[in-house]
Structures are given as structure tokens and as C-alpha cells.
Amino acid sequence: MFEWTEEQRMIRDAVRQFVEAEIAPRRDEFEFGDTPPYEVLRKLYKTFGLDVMAREQFKRRLDRPDGGGGLLGGDGEEVDPKVRANTVAMPMIPIIELCRHSPGMVTALGVSVGLTAAAIMSKGTREQQERWALDLLTLDKIGAWAITEPNSGSDAFGSMLSTARRDGDEYILNGSKTFITNGPYADTVVFICKLDEGNPPDQRKILHFVLDSGMPGFDQSPPLRKMGLHSSPTGQLFLTDVRVGRDRLLGETEEVSGGGREDAKATFSIERSGVAAMALGMIDRCLELCVQYAKERVQFGQPIGEFQLVQEKLARMEVARLNVENLLFRYIEILAHGKQPTLAEASAMKLYSSHAAVEVTLDAVQLFGGNGYMSEFHVEQLARDAKVLEIYAGTNEIQMTHIAKDLLRR
Amino acid sequence: MNVVVCAKQIPDPAAPGELDPNTKTLKREGKLILDDSDAYGVEMGLQLADKAGGGEVTLVSMAPHDEVSGLRTALAMGAAKAILISDDALQGSDSLATAKVLAAAIKRAEPDLVLTATESTDGYTGLLPAQLAELLGWPSITFAKHIEVTDGKAKVQRQTEEGYDEVEAPLPAIVSVTAGVVEPRYPSFKGIMAAKNKPVDQVTVADLGLSADDVGWKGARQEITDVVPAEERKAGEIVEDEGDAHERIVQFLEQLKVI
Ligand SMILES: Cc1cc2nc3c(=O)[nH]c(=O)nc-3n(C[C@H](O)[C@H](O)[C@H](O)COP(=O)(O)OP(=O)(O)OC[C@H]3O[C@@H](n4cnc5c(N)ncnc54)[C@H](O)[C@@H]3O)c2cc1C
Ligand SMILES: Cc1cc2nc3c(=O)[nH]c(=O)nc-3n(C[C@H](O)[C@H](O)[C@H](O)COP(=O)(O)OP(=O)(O)OC[C@H]3O[C@@H](n4cnc5c(N)ncnc54)[C@H](O)[C@@H]3O)c2cc1C
């Protein structure tokens, strides 16, 4: 059975100390102001040597004969499950710890490193990996990954209007994207569009291009106002006749398997487990704050923790915490043994954890009463932030359809 | 340059401490952590070794139950190895006995420089640094807020109430550092992963060539005769403002002769 190891606990303590010293005191700036999260995230990376580790890992990956490929130790390689478990578990610790205070930071970081760099690493040529991915993995540059459009969200490929048209050896890109994390500040953007060869839209190939900020015809909007997750800037992208060479087409080929519509299952499961880790951090923090508040707040001559209706809330929060942690542990175990979760398992994990986070954070607001509604007590921020976990990385309705599809296929 | 840093492992100050009613000493049964005060010495040692372009930091710690948790933290920061003295015979050791044990262990490491904190967080007698210097016969400089090592000498800015004194001593020397000396680093992830494989040399009192009679309850020159709760602070005086509060506060402060 998996348990956090001694070292993982040490890492947790060290990251917690950092977050409490560097991020928590600046909460007003990040969560109620317009300070972007990148400078403090870079400091986090430098402090813990994550930039150096990313550089070394990148080099090792390129040196492998398969040029990347398998996520964990490559195919056929005999890797000790304990080592694999650590490889999977370790990146979750900063996610959990950051989410105790600032889930937006994780979104900004996750999209830059987990989605944008990962897309370049899995689809790009070696030159493209060296040109763009390394700087993203070290956080020297910030990335955005753009698929969503004003008229295409859950049905990402079906209703996609963004296009690439061939023009000699080059392509002309057009389209608009919205809800793009890091969009306002990104240096490097992976733009997903359809190759328009005059054929019907549903038969067009899906291609990924890499754009640099400031290219002619490419505009990045200021951050959009939103319900929560303020420390993660979200924006729109507009492309008007952006001219790019083949060197910006990921993989430098139009021949993509499944017409580019098959998102690797591995990407799904990484994203969905990331949401579970985020949920765990938020639940953990709420529980900690609530237990303390229940002991301190006195009404009717006794601490409110003496009231059974308050106890019920605390108990349900603990159940949620245990369940989410166990889902994560199970995910770590599955990968540690060289397997992948099924689509249903990955989706169930995301569905349950995000819902648990919404319930727990709202219950925390309730337990704090009027104070819960005031920003000073932090839980209202977590409640606003939690809601997004049910919407992005595939809405919860889409997760349900994935679970059902997987069940009915058996 | 090789630096020994004394690293005390103490009960987590965040948890309420408890005294053993029989021995009147602090209970040290649970997990012990690195005394925060010693993190400064560790950081200073790492920086000095780094600046000297070679050498390493060795930790020396005396603690019950083979405790290594606090040492791992310092090893994760970058110390190369540790000497841990853990022995049932040490139970009841007072500060002089502790100094004898630490001095014997320090000698083994043959350092150019020894760093300690000015006082520990749990015991805070502040006696150890001078006792160590006496036992080792090395110069002692206390309350360092800045250290430089050049030409075989430690050059130290020694914190005083008004400012600082500049003092120097030939090496090997013992220097106790304040919390202002450097900002301790966070251990890197890699450092934490590597810490488990760094050598911790566990030794007993006998290994150090000391007699069990010199340490522990038998060797103690100090006896705790009584422990009483600190006097509760008196409730402050509340000044209700009826338009003249500022005058009454000024009067009150004048009475105290603070203004
Ligand atoms: C803070 C934030 C950050 C984001 N970051 C990015 C990013 O970096 N890059 C990016 O490309 N996108 C990003 N997104 C977009 C996100 O992925 C989409 O919002 C999400 O996929 C949902 O699409 P939509 O908003 O168009 O909703 P819609 O698809 O219009 O959904 C509306 C409602 O209909 C339901 N629905 C839709 N289809 C079905 C169905 N088949 N069955 C049942 N119900 C259905 C949905 O569940 C939802 O409740 C972000 C969104 C947010 C809020
Ligand atoms: C009655 C009594 C019983 C005791 N019983 C025990 C016992 O059962 N087991 C036990 O282990 N200790 C025991 N101690 C020892 C005690 O915990 C201290 O280590 C010792 O008294 C030093 O006192 P201090 O912490 O006030 O040192 P200070 O002089 O305040 O310490 C100054 C610096 O010296 C260094 N230093 C001090 N102690 C150590 C250490 N142990 N290891 C490494 N560096 C150190 C640190 O850098 C510290 O910041 C006992 C002490 C007394 C008085």
C-alpha cells in the first residue's frame, strides 16, 4: 500500500514553509489584485532546485534512444515500483501545498508545464523540444495551451473554427481562442486548429502550432474578470493571418494519427489526477481551518464544535479528505506498477474530487458563518476557486459521459 | 575548509512540551526536529566551505533514541555527513556533560572551525559554546553576526548592544552564531532525496573514550531542585478614552520612566 514516504513528508514541510512565507502573506496581491503568479513560482522553482532538476530530466529524456516517448522510465525498462511511485507522487506535493492557499498558482503552473511543455515534448521534433520545451519546463518562459473557442468548449474538435491554410511552404493561421490560462502573459503558445484544405470541417486534420508572443497578427487580451482563481490569469487570443513556417507545426508533419483527434489517454489521466491533488490541498486546508474554528468559536456558551450539526460537517469533510487521498494513492500505485488507469477510473477520480472540493469548501464557508463570507477568513476564496475544478479539464458532465462510455464498451 | 556544526535535535516547539515529574527534565520521547537556531550555523558552514573552494560540513549531535530526523533536515540542506551520539548512559546529562561528549566527537572530525548557535531553543542555557572551547582548548568567539575566514583566521563581527565588535581568532576556533548571520536555505528536493544516503556515524559514550561516570545522571554537576510555573502576567490597565486618554497614557509612561 502506498503511503507518503519520509522524504515526501520532508518535501511537504519545506514547501509548506515556503508557501506560508512567500505566498500566504501576499494573498491580497495575488487573489484580489493583478499581480501575476510567475515571479513567485520561479522563486519556488529556484528555491527547491526544480529548474535544475527539469533541465537534467530534459537532457536525460532527449538522450534516450526513443527520444522521449514513455512517461516513466521508458518502455521495457525495469523500474522499481518504489522509484516510479516517487516519480508520480513527488510532483503532487507542491500541487497540494500550493492549493492550500492559492489554487490559481497551480493552474498557471500546470498549464505552462503540464499541458504546454508536455504537448511539445510528446508531439514535437527534437529541434522543437529544444527550442521551446526546455525554457517552459524550467519556468524561464511561460506557456499557454489553446483549444477552447467562443463556440467550441466541450465539443472541442466538432465546433472548432480556427484554421490553418497552406501558402507555399508556409501556413496562414486564423481564429480566436478564449478562457486561455496564461493567455495574457504567455511567451509560448500552442495553438490548436484545423487544416483547411477545402474539405468538410469534420474531416479536417487537427494540427498544433507553436506561436511566440509578439508575432505579427497575434494578439493576447488582458486578463478576464472571473469568479475565482484570480492568481491564474485567463485571457483571449486573436489570430489574424499569422504567417508561420513548417518549423512551427508540431512534429513538422501533417500526418497525425487519428486525424489528430485522439488525445492520449495518458494526458487525460495526468490532468485528472492533477485535479484530484488540487482538491486534496483545498479540502485539507478547509478541514484544518474548520477544526480550529469549531474549537474556538463560542455560541450559546459553548464552542460550536459541540453542536452535532457542526460535527456532521467536520466528519463529512474528513470522509472527503480520506476518499480523495485514497483515489490519489490508488493512482500512484497503478502507475508505480507500470499500468495506466482506465478512462473510467481517471474520470471518476476527477469527478469525485472536484465535487468533494466544492462541497467541502462551501461547507467551510457555512461553518464559519458570517466570517466565512468575509475574505479575511480565506474559505470564501477556496470556495470560489473550487468551482472551476468541476468545469475545466473536461466538465463533470463530460466526465460522466466518459465513465458511462467506458462501462458500456465492456 | 572543514566545518563542524553542532546540531541540536529538540522536541517540536510548536507542540506543547512536557516535563518528566521525576527527573524534572523535558520529555524527549517523540520525534525530534532540528533546532531552528542551528539552521543558521548549518547555512553559515555551507557558505564558508563553499567560499573556501573545498571542504565540507559535518554535523555533530547528541540526542536520545538514535534520533536522526533533525539531522536529515540539515543533511538535506547540504551538510555532507553527521556524527550522532546516542546512548542510554547519557540520560540526565547536564550542559557540561553534553559539552564533554560533543567535544570528543568534534575532535574526531578534525575541523578547522566549529559553529554552534548562541543558545538552544529548548534548554537555552547558552553555556555550551564556551564549555566546548575550554574543553578543546580552542579560542571561542560568541554572538557572531558575520564571519569571514582568511589566512587561517576567523574574522568575526560580534553583536553587541550598541553595534558590533570586530574580533579575530586563529583556527581551529569555536564560533557561536546569532540568527542574523545568514538566511538559512530551504532544502532542495534533490537534497532531501539525497539526505537518506548520507553517512550518519552513530557512536556511544564508550566509542568516544569517555567513561559513563562522566556523563548522564552520574556525571551531572547540575541538579534541578524544583520546577515552578512562571508567575502569571498581571492583567494590563485599560485606559478608557474620555477625551484625555493620551494624557493619561503619557503620564503612565512617565511614571515607568520609559519616556
Ligand atoms: C479558469 C479557466 C481556465 C481555462 N483554461 C483553459 C486553457 O488553458 N486552455 C483551453 O483551451 N481551455 C481552457 N478553459 C476552457 C475549459 O476547458 C472549458 O470551459 C470547458 O471545456 C467547458 O467548455 P465550455 O466553457 O465551452 O462549456 P460548454 O461546453 O458550452 O458547456 C456548457 C454546459 O453544457 C454541458 N455539456 C456540454 N456538452 C455536454 C454533453 N455532451 N453532455 C452533457 N452536458 C454537456 C457542460 O457540462 C456544461 O455544463 C478554461 C476554463 C476556465 C473556466
Ligand atoms: C538535568 C538535565 C537532564 C538532561 N537530560 C538529557 C537527556 O536525557 N538526553 C539528552 O540528550 N540530553 C539531556 N540533557 C542535555 C540538554 O538537552 C542539553 O543538550 C545540554 O544541557 C545543553 O544545554 P542547552 O541546550 O541549554 O545548550 P546551549 O548552551 O543553550 O546550546 C548552545 C548551542 O550548543 C549546541 N548544542 C547544545 N546541545 C547540543 C546537543 N545535544 N547536540 C548538538 N549540539 C548541541 C547547539 O548549537 C546549541 O544551540 C539534559 C540536561 C539537563 C540539565
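**A guided tour of the predicted model**

Begin with ligand 1: its shell takes at least three residues from each of domain 2 (145-258) and domain 3 (265-409) of chain A, the domain bounds coming from an automatic or database domain assignment. The model is predicted, so local features need pLDDT of at least 70 and side-chain atom pairs count only at pLDDT 80 or more, while totals for chains, interfaces and linings use all residues. Residues are numbered from 1 along each chain as its sequence is written, and chains are lettered from A and ligands numbered from 1 in the order in which they are written.

Remain at ligand 1 and select the 19 residues that surround it, of which A:Gly153, A:Ser154, A:Thr181, A:Thr395 and A:Glu397 are the closest; a residue is near a molecule if its C-beta atom, placed from the backbone, lies within 6 Å of it. Strand 1 (143-146), strand 3 (170-181) and helix 14 (396-409) of chain A each supply at least two residues of this shell. Helices (H or I, at least four residues) and strands (E, at least two) are DSSP runs, numbered from the N terminus. By class, the shell has 11 nonpolar, 7 polar and 1 charged residues. Ala, Val, Leu, Ile, Met, Phe, Trp, Tyr, Cys and Pro count as nonpolar, Asp, Glu, Lys and Arg as charged, and the others, Gly among them, as polar.

Next, select helix 1 (residues 6-23) and helix 3 (residues 38-47) of chain A, which pack at an angle of about 145° with their axes 11 Å apart. Axes are lines fitted to C-alpha atoms, for helices over the stretch in contact, and angles run from 0 to 180 degrees between N-to-C directions. In this pair, A:Phe18, A:Glu22 and A:Ile23 of helix 1 meet A:Val40, A:Lys43, A:Leu44 and A:Thr47 of helix 3; contact requires C-beta atoms, placed from the backbone, within 7 Å. The contact has 4 nonpolar, 1 polar and 2 charged residues.

Now display both chains: 12 residues of chain A are in contact with 10 residues of chain B. On the chain A side, helix 1 gives the most, with 6 residues. That side has 8 nonpolar, 3 polar and 1 charged residues.

Finally, move to ligand 2. Of the 33 residues around ligand 2, B:Ala117, B:Ser120, B:Gly123, B:Thr125 and B:Leu128 come nearest. Elements of chain B that give two or more residues to this shell include helix 1 (36-51) and strand 6 (113-117). The shell around ligand 2 has 14 nonpolar, 14 polar and 5 charged residues.

Notes:
Contact = placed C-beta atoms within 7 Å.
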